[in-house]
Amino acid sequence: TLFAQQYEVTFPLSAMQEPDTMRPLVTWEAEGKLYYVEMGMVPKTMYDKLQLDRFDVQAKAMKHHAEEEERKKHKKHDDEDED
């Protein structure tokens, strides 16, 4: 916050959704309000408990890259088996 004050907002985990906005600094939407969190500052246990990977663009990109590498590895292996 602007004056470094803490506040607490409570809502069910199921209320967290992809935001329907192009605004910067919006991570998720819950009960009609927009929220932002710096993913690198969230403790791993909380990150996992809140399932923040579904909102983490960097995590999505890394997962996609790993899946593509695995697909390429399998394709190369399959191509070698045909020879």
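This briefing covers the nonpolar core, the aromatic pairs and the salt bridges of the structure above. The model is predicted. Its largest nonpolar core has eleven residues, and a search of the whole structure finds four salt bridges. There are three aromatic pairs, and ring pairs join Phe 11, Trp 28, Tyr 35 and Phe 55 into a cluster.

**Nonpolar core**

- The eleven residues of the largest nonpolar core are Phe 11, Ala 15, Met 16, Trp 28, Ala 30, Tyr 35, Met 39, Val 42, Tyr 47, Leu 52 and Phe 55.
- Leu 52, one of these core residues, is in contact with Met 16, Trp 28, Met 39, Val 42 and Tyr 47 when its neighbours within four places in sequence are set aside.
- The four residues of the ring cluster, Phe 11, Trp 28, Tyr 35 and Phe 55, are also listed among the members of the largest nonpolar core.

**Aromatic pairs**

- The structure holds three aromatic pairs, and one of them is formed by Phe 11 and Tyr 35, with 5.1 Å centre to centre and 40 degrees between the planes.
- The pair of Phe 11 and Tyr 35 is classed as tilted, because planes count as stacked under 30 degrees and as edge-to-face over 60.
- Phe 11 belongs to the segment before strand 1 (28-30) and Tyr 35 to strand 2 (residues 33-35), so this pair links distant parts of the chain, 24 residues apart.
- Phe 11 has a relative accessibility of 18% and therefore counts as buried.
- Tyr 35 is buried as well, its relative accessible area being 14%.
- A second pair is that of Trp 28 and Phe 55, whose ring centres are 5.9 Å apart; the planes stand at 40 degrees, so this pair is tilted.
- Trp 28 lies in strand 1, whereas Phe 55 is in the loop between helix 1 (44-49) and helix 2 (57-82), so the pair ties together parts that are 27 residues apart in sequence.
- Both Trp 28 and Phe 55 are buried.

- Side chains of opposite charge can pair when their charged atoms come close.
- Lys 44 and Asp 48 meet through their side chains in a salt bridge, at 3.0 Å from N to O.
- The two residues, Asp 48 and Lys 44, are four residues apart in helix 1, so about one helical turn separates them.
- Asp 48 counts as partly exposed because its relative accessibility is 42%.
- Lys 44 has a relative accessibility of 57% and so counts as exposed.

- Arg 71 forms a salt bridge with Glu 68, and their closest N and O atoms are 2.9 Å apart.
- Arg 71 and Glu 68 are three residues apart in helix 2, which puts about one helical turn between them.
- Arg 71, at 43% relative accessibility, is partly exposed, and Glu 68, at 26%, is also partly exposed.
- Glu 70 and Lys 73 meet in a salt bridge between their side chains, with an N to O distance of 3.9 Å.
- Glu 70 and Lys 73 are likewise three residues apart in helix 2, with about one helical turn separating them.
- Glu 70 is partly exposed at 36% relative accessibility, whereas Lys 73, at 54%, counts as exposed.

Methods. Residues numbered from 1 in each chain as written. Predicted model: local features only at pLDDT ≥ 70, side-chain atom pairs only at ≥ 80, totals over all residues. Heavy atoms only, no water. Core = buried A, V, L, I, M, F, W, Y, C linked by side-chain atoms within 4.5 Å. Buried < 20%, exposed > 50% of the residue type's maximum accessible area, 1.4 Å probe, protein only. Contact = heavy atoms within 4.5 Å. Phe/Tyr/Trp six-rings, centres within 6.5 Å; stacked < 30°, edge-to-face > 60°.
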